[in-house]
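Visitor: Please take a close look at one part of this model, the second chain, and describe how it is divided and what it touches.

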Amino acid sequence: MQFIKKYPKAFQWLFLLVIFFALCFAIEVPETYKFIRGQAEFVKDPNQSFYVFLGKEVRYYAFDVFWRLPPLLGWLPIWINDSLFFLMNEWLPMEFWNSDTQTYKTRPLVLQVTREITSIMTFLIELIREILLGGLKTIVAFTSWDWVGSNSWAKMPGLPWTVVAAGSAILAYKLSGKGLAIFAGLVMVYISIFGQWKPSMQTLSFILVAAPLSFVFGLGFGIAAYKSKRVEKALYPILLVMQTMPQYAVLVPALVLFGVGDHAAVIITMIVAVPPMILLTLLGLRAVPPEVIEAGRMSGCNNWQLMFKVLIPTARRDILIGVNQVIMVCFSMAVISAFIGAKGLGFNLLLALNQLNIGLALEAGLCISLIAILLDKMSLAWANKQVDYFGNLTFFERNKNAIFFGVTVLIGIVLAYLGSFFFKQGFNYLFEVPHNKGISTADFWNKGVDWIFDTFFVYIKAFNTWLIVEVLQPMRALYLRMPAVATLVLVVGAGYLIGGIRSALVVCGLTLFIALSPWWDRALVTTYMATFGVIVSCIIGFTVGTLSFQNKHSANFMLGVCDIFQTFPSFVYLIPVMMLFGITDTSVLIAVIVYATIPATRYTIEGLRSVPTALHDAATMSGVNKFQRLTKIEFPLAFPHMMLGLNQTIVFALFMVIIGAFIGTEDLGQYILKALSDKNGAGIGLTLGICVAFIGLIFDNLIRTWVGQRKKHLGID
Amino acid sequence: MSNTVIKCENVFKIFGANAEKMLKESNGNVDPKIFQENGCIVGVNNASFEVSKGEMLVVMGLSGSGKSTLLRCISRLTDATGGKIFIEGQDLLKLNNKELIELRRNKMGMVFQSFALLPHKTVVENIAFPLQIKGLEIDESINKAMDMVKLVGLEGRENYFPRELSGGQQQRVGIARSLAVEPDIWFLDEPFSALDPLIRKEMQDEFLRLQDKLQKTIMFITHDFDEALKLADRIAIMKDGTIEQLDTPANIVLNPATEYVRKFTEEVPREKVLLIEDVMDTSVTNNLSDFKVSKDETIENVAEKILTQEKSVSVIDSNNKVVGSINPTKIINTVFGGRKNNN
């Protein structure tokens with residue numbers, strides 16, 4: 001009794017667990033239940049039940065309602081598909097002027113709009129691509145194929161790789177200085193001599209369109225949300241869902257709307273990259289001290305000046321993090337959008353992975369990562385750049401970078417021209433090193449992989465088997481053994497205990513959506529994989545974070561490592577694990593663990609750092625030793641921040657689990673991947689994406705509510 | 001009066017959803033308690049006063065007294081809920097956005113408690129900022145800003161960033177920025193409150209030197225009564241949104257209007273604040289000792305000499321003309337009399 005009085009919460013949690021387990025044991029597994037079954041399939045099967053909704057027939061395997069809820073939302077994907085089809089092909093037909101045929105043509109509005117967007121995007125990408133690589137399409141856009149055909153000189157020549165390399169080095173020098181310039185030069189030379197020039201430039205042209213557009217739209221919406229409460233309220237739920245929505249899931253509907261190719265990839269990238277940019281812009285603008293705004297107003301700023309000369313520069317730290325995020329997402333999407341036909345390194349990477357050519361995949365992955373790091377650093381340097389007003393400079397000094405660039409363009413072109421005489425076999429190495437003529441280390445890596453397999457096969461296989469048989473299978477069985485009702489009780493109960501009735505309702509709604517969709521079993525598998533990844537990641541991240549926190553230099557070093565790892569596109573993580581573990585669940589899980597350990601480590605260090613020095617000193621003066629200080633002072637105070645890290649860890653883990661579908665899992669991600677090649681895939685993909693997003697949001701809601709209360713309780717903000 | 005620069009008539013600022021409606025219904029008779037029960041908070045309650053050209057009005061009050069809100073009404077950073085505000089005869093509340101911006105670009109400067117410097121700009125860029133906003137060429141604005149840098153004594157640091165400066169230096173930048181457009185009206189919102197005592201004193205002296213030179217019309221907000229006494233031509237003491245007393249420092253010290261004001265004046269060393277002029281007797285001009293004191297001396301400086309005289313001492317103005325007299329007992333009464341806790 002004493003215990004109950006002292007810890008009423010603990011008792012409540014205990015009670016909740018008792019009910020949960022009681023339900024689990026009370027509800028039997030139906031005899032007909034098998035993991036693969038119970039899904040809505042479009043194949044007719046005499047054992048299936050069905051219901052009709054909005055004139056659509058939804059088929060499913062019926063179970064006891066306590067065991068699995070019927071898929072009452074099974075109509076949703078079908079309905080989404082039909083609506084999309086209707087929007088694209090039938091809704092609001094209007095007359096549009098067609099300049100090619102010089103006639104009016106009747107087309108549905110949405111179709112026309114998407115086609116217009118498509119052509120703008122295509123034009124932008126082609127423009128940059130042809131500046132870098134040469135081609136015809138930009139000129140065609142202004143004239144016609146016939147005209148280009150009859151004027152053979154009308155062709156974008158493209159820049160020799162030497163010019164691009166020198167140009168990026170000069171730009172890096174102007175932005176930051178010698179260090180970055182050398183890095184930029186080395187990266188470009190590496191890309192060129194390893195024969196990755198063309199795909200790299202294709203990827204770069206894609207990113208040079210996607211990243212600035214995402215930045216502009218994110219900033220614009222962020223400002224709109226800052227200015228108007230109504231806009232913010234309208235955006236908020238979308239932002240929330242998009243934060244936990246796996247990138248795969250966006251591919252499918254975009255495929256329907258915009259078709260296949262680079263332009264669709266840019267649009268999808270924007271859909272994924274804009275939300276974090278909006279959030280960070282909003283966060284930054286909100287954090288501008290009111291007195292700075294007043295100072296701006298008293299200086300006589302009008303609204304426009306106030307926004308662009310006072311608010312945004314003052315909020316630039318958060319906005320910069322946003323830019324950083326945008327760039328990261330762009331590179332991540334550069335790979336993923338290869339699924340819908342975007343050209344470039346991502347495509348090569350996917351192809352290589354598909355052929356299990358680890359060496360080639362590694363080279364492409366390395367190139368993407370290097371360009372990502374380079375652009376990341378350059379954008380940072382750009383934002384921190386200052387103007388010096390007191391230089392009494394000559395014309396040459398003032399414009400030396402531009403002059404240098406002009407000179408390199410000349411030299412590069414002359415070299416490339418000379419090269420065309422020098423290299424006879426039709427390959428001008430001073431213009432572009434062709435893919436198959438560059439140095440390739442692929443063989444080396446492939447041999448290495450083979451060697452690892454030959455040498456360690458027994459051990460790897462033993463570890464693999466042990467992990468799957470002893471840990472993963474039982475864990476998965478446990479998750480699948482949970483009756484739907486028991487899971488609901490557990491989740492809703494947790495919501496109630498943490499955040500009261502409001503939280504309980506939110507969580508209940510999110511869980512019900514998944515439970516009523518046809519993919520509850522898949523969602524359980526996704527959750528189990530994510531859970532496993534999160535637990536291991538947290539243990540590693542927590543330990544590494546705590547240990548490196550003991551020393552200032554090691555902490556900084558660790559944060560730097562996190563930064564770099566975060567810049568890698570998520571797909572790249574699959575390469576080394578496939579190298580070691582082949583195509584198994586273990587590979588996916590290890591990729592998940594590596595990827596999700598980043599936020600776990602980062603937030604642990606940051607949390608421990610946020611403990612005020614005064615408290616540190618106070619603790620030291622009370623005579624605690626290092627260990628006591630850690631356990632009694634630092635952990636309790638850093639815990640809320642570390643829990644936010646847990647939140648991020650969960651999101652990262654879910655992302656990677658879904659991406660892992662590429663290797664072959666049997667969870668929601670796999671179905672999203674399948675939806676990509678399904679003509680009715682849009683609705684399914686979107687619904688599945690929402691399911692994954694909701695899994696993330698359930699945890700997000702619980703953790704954030706708890707952290708909020710805890711912080712209030714501790715008086716830190 | 002053409003000399004009036006700022007004029008407030010029955011200014012109210014009430015925060016809350018239906019503040020305007022409630023203010024209308026109250027007929028200018030605002031009881032904060034009733035408003036609070038209805039979810040409104042009274043920031044400024046019926047403030048009326050004038051500030052004339054070249055005058056420094058110090059608004060003094062503790063936190064939450066509404067002094068900053070009053071200042072923000074007059075600079076129209078917030079809109080007053082009721083009443084009228086005139087700046088050089090212009091009705092401030094009737095200005096449209098464009099006119100308001102013009103007014104701020106040319107007539108007003110403001111200094112903030114937390115300095116409110118732009119973190120991404122250097123010292124000289126910060127100071128040049130209002131000029132550039134106004135539309136000056138970069139070079140010209142930088143040149144003007146450099147003059148301001150010299151004025152506040154920050155030469156050699158013009159290319160520093162705010163984060164590289166101490167608090168006192170940052171506030172010098174804030175002051176220079178507010179003066180860059182050469183405004184007539186100068187608002188200072190607790191400019192020295194965030195500074196260390198020694199720096200604060202130094203900045204106050206610096207501020208007086210500047211004001212001596214520039215002769216701006218000033219509204220100065222502070223929570224420090226000593227600071228108010230030291231700087232002000234007139235002081236307005238605020239409590240719960242209401243101006244309790246508005247008078248010269250001497251009158252406030254000598255004749256506190258309310259109990260609340262008296263509490264502030266209790267600990268004030270009067271001999272340091274009051275001038276001979278404030279306590280002299282203008283009716284008696286005969287039968288005086290030969291010793292003469294200037295009316296602009298503080299009591300502290302001349303008390304010893306006056307107390308050694310037997311008769312009243314004659315008080316002269318700057319033209320050596322006798323304008324009044326002062327009796328040694330008056331000095332004793334002023335300095336030691338009328339205080340509580342005399343044991």
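Guide: Domain bounds here come from an automatic or database domain assignment. On that basis chain B is divided into domain 1 (53–77 + 95–107 + 183–268) and domain 2 (271–336). This is a predicted model, in which local features need pLDDT of at least 70 and side-chain atom pairs count only at pLDDT 80 or more, while totals for chains, interfaces and linings use all residues. Residues are numbered from 1 along each chain as its sequence is written, and chains are lettered from A and ligands numbered from 1 in the order in which they are written.

The centres of domain 1 and domain 2 of chain B, taken over C-alpha atoms, are 30 Å apart. Their contact (C-beta atoms, placed from the backbone, within 7 Å) takes six residues from domain 1 of chain B and four residues from domain 2 of chain B. On the domain 1 side, helix α10 (residues 249–254) of chain B gives the most, with four residues; helices (H or I, at least four residues) and strands (E, at least two) are DSSP runs, numbered from the N terminus. By class, that side of domain 1 of chain B has six nonpolar, no polar and no charged residues. Ala, Val, Leu, Ile, Met, Phe, Trp, Tyr, Cys and Pro count as nonpolar, Asp, Glu, Lys and Arg as charged, and the others, Gly among them, as polar.

The contact between the chains takes 20 residues from chain B and 18 residues from chain A. In chain B, α4 (97–106), β6 (108–111) and α5 (123–134) each supply at least two residues of the side that touches chain A. The largest share, four residues, comes from α5(B). This side of chain B has 12 nonpolar, five polar and three charged residues.

Key:
Contact = placed C-beta atoms within 7 Å.
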